[in-house]
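Hi everyone, thanks for coming. I'd like to walk you through one structure today, so let's get it up on the screen.

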Amino acid sequence: MDRENSQIFSKTEKLKMLYEAKAEDVEFSAAESDLDDIEAQDRAQEADKRQLNEIMKKE
């Protein structure tokens with residue numbers, strides 16, 4: 001990591017980066033979901049956690 005160009009991000013900034021990276025435009029209806037939909041949502045949440053950890057490591 002290049003220390004000259006490195007920047008320390010606050011937790012809020014990191015969360016904003018995560019949300020911007022997701023760029024979700026899909027609505028989720030729990031009432032109309034099936035098991036595959038719920039499993040996909042769980043996988044997406046786990047991926048978000050991993051991505052947030054990567055963003056936090058970059059500070």
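Predicted model: local features only at pLDDT ≥ 70, side-chain atom pairs only at ≥ 80, totals over all residues.

Let's start with Leu 15, which counts as partly exposed because its relative accessibility is 26%. For the cut-offs, buried means under 20% relative accessible area, exposed means over 50%, and partly exposed is in between, with a 1.4 Å probe and protein chains only. Leu 15 sits in helix α1.

Residues are numbered from 1 along each chain as its sequence is written, and side-chain values use heavy atoms, with hydrogens and water left out.

Okay, the overall picture. The protein chain has 2 helices and 0 strands; helices are DSSP runs of H or I with at least four residues, strands are runs of E with at least two, and both are numbered from the N terminus. Of the 59 residues in the chain, 7% are buried. The chain exposes about 5,400 Å², and carbon and sulfur atoms supply 48% of that; the areas come from the Shrake-Rupley method with a 1.4 Å probe, and for residues only the protein chains shown count as cover.

Back to helix α1, which covers residues 11–22 and includes Lys 11. Lys 11 is exposed, because its relative accessible area is 59%.

One joins the side chains of Lys 49 and Glu 46, at 3.4 Å from N to O. Those two are 3 residues apart in helix α2, so about one helical turn separates them. Glu 46 is partly exposed, at 40% relative accessibility.

Glu 54 and Lys 57 also meet in a salt bridge, at 3.7 Å, N to O. Here too we have 3 residues of spacing in helix α2, so about one helical turn. Glu 54 is partly exposed at 42%, while Lys 57 is exposed at 62%.

Last stop: helix α2 runs over residues 35–57, and Asp 36 is in it. Is Asp 36 buried or exposed? Exposed, because its relative accessible area is 53%.

Definitions and conventions
Salt bridge = Lys/Arg side-chain N within 4 Å of Asp/Glu carboxyl O.
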